[in-house]
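Take a look at the model below. This report goes through its helices, its surface patches and its salt bridges.

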Amino acid sequence: MKAYPSHKKHMDALKRVEGQIRGIQKMIEEKRYCVDILTQLSAAGSAIASVQNNILERHLDTCFSSALVGKSEKDRKNKVSEVVKILKNFRKGS
């Protein structure tokens, strides 16, 4: 079984986002001003994007770089394909 890096700090960030989302739900229930809701949605989206970026960086620094220095050409090709797919998905979300 592979050992994956810890994502505890990412979980902490996601719990903060969860709190932001609850706050946004409350704002909607209270019929708050649309621009204020949109501002909070943008902040939550930025926080999620930050977690994505951090996890991608961690992946490249650990899992991906390990495959590049490994002996298996197949593993290297698979990891490169995986990262290309991830980057394509990132572009779709932008």
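## Helices and patches

Valine 84 is found in helix 3. Here a helix is a DSSP run of H or I with at least four residues, a strand is a run of E with at least two, and both are numbered from the N terminus. Valine 84 is partly exposed, with a relative accessible area of 38%. The cut-offs are these: buried means under 20% relative accessible area, exposed means over 50%, and partly exposed lies in between (1.4 Å probe, protein chains only).

This is a predicted model: local features need pLDDT of at least 70, side-chain atom pairs count only at pLDDT 80 or more, and totals for chains, interfaces and linings use all residues. Residues are numbered from 1 along each chain as its sequence is written, and side-chain values use heavy atoms, with hydrogens and water left out.

Valine 84 also belongs to a patch. Together, Leu68, Val69, Val80 and Val84 make a nonpolar surface patch of about 330 Å². Helix 2 and helix 3 are the elements that give two or more residues to this nonpolar patch. Patch residues have over 30% relative accessible area and no salt bridge; nonpolar side chains (Val, Leu, Ile, Met, Phe, Trp, Tyr) are joined within 5 Å, and like charges within 9 Å. The areas come from the Shrake-Rupley method with a 1.4 Å probe, and for residues only the protein chains shown count as cover.

Lys85, Lys88, Arg91 and Lys92 gather in a patch of positive charge on the surface. Lys and Arg count as positive, Asp and Glu as negative, while His and the chain ends are not counted. The place of a charge is taken as NZ of Lys, CZ of Arg, CG of Asp or CD of Glu. Lysine 92 is found in helix 3, which covers residues 73–93. Is lysine 92 buried or exposed? Lysine 92 is exposed, with a relative accessible area of 66%.

## Salt bridges

How many salt bridges does a search of the whole structure find? The search finds six. A salt bridge is a side-chain nitrogen of Lys or Arg within 4 Å of a carboxyl oxygen of Asp or Glu. Three of these pairs are listed here.

| Pair | Closest N and O atoms |
|---|---|
| Glutamate 30 and lysine 26 | 4.0 Å |
| Arginine 32 and glutamate 30 | 3.8 Å |

Lys26, Glu30 and Arg32 are linked in a network of salt bridges. Glutamate 30 is partly exposed, at 43% relative accessibility. Arginine 32 counts as partly exposed as well, at 39%.

Arginine 76 and glutamate 73 both lie in helix 3. They are three residues apart, about one turn of the helix. Glutamate 73 is partly exposed, at 43% relative accessibility.

## The whole chain

The protein chain has three helices and zero strands. From the N terminus on, its elements run α-α-α. The radius of gyration of the protein chain is 18 Å, well over the 12 Å that the globule rule gives for 94 residues, so the chain is more spread out than a compact globule. This radius is taken over C-alpha atoms, and the globule rule is 2.2 Å times the number of residues to the power 0.38. The C-alpha trace spans about 60 × 25 × 15 Å along its principal axes. Buried residues make up 17% of the 94 residues.
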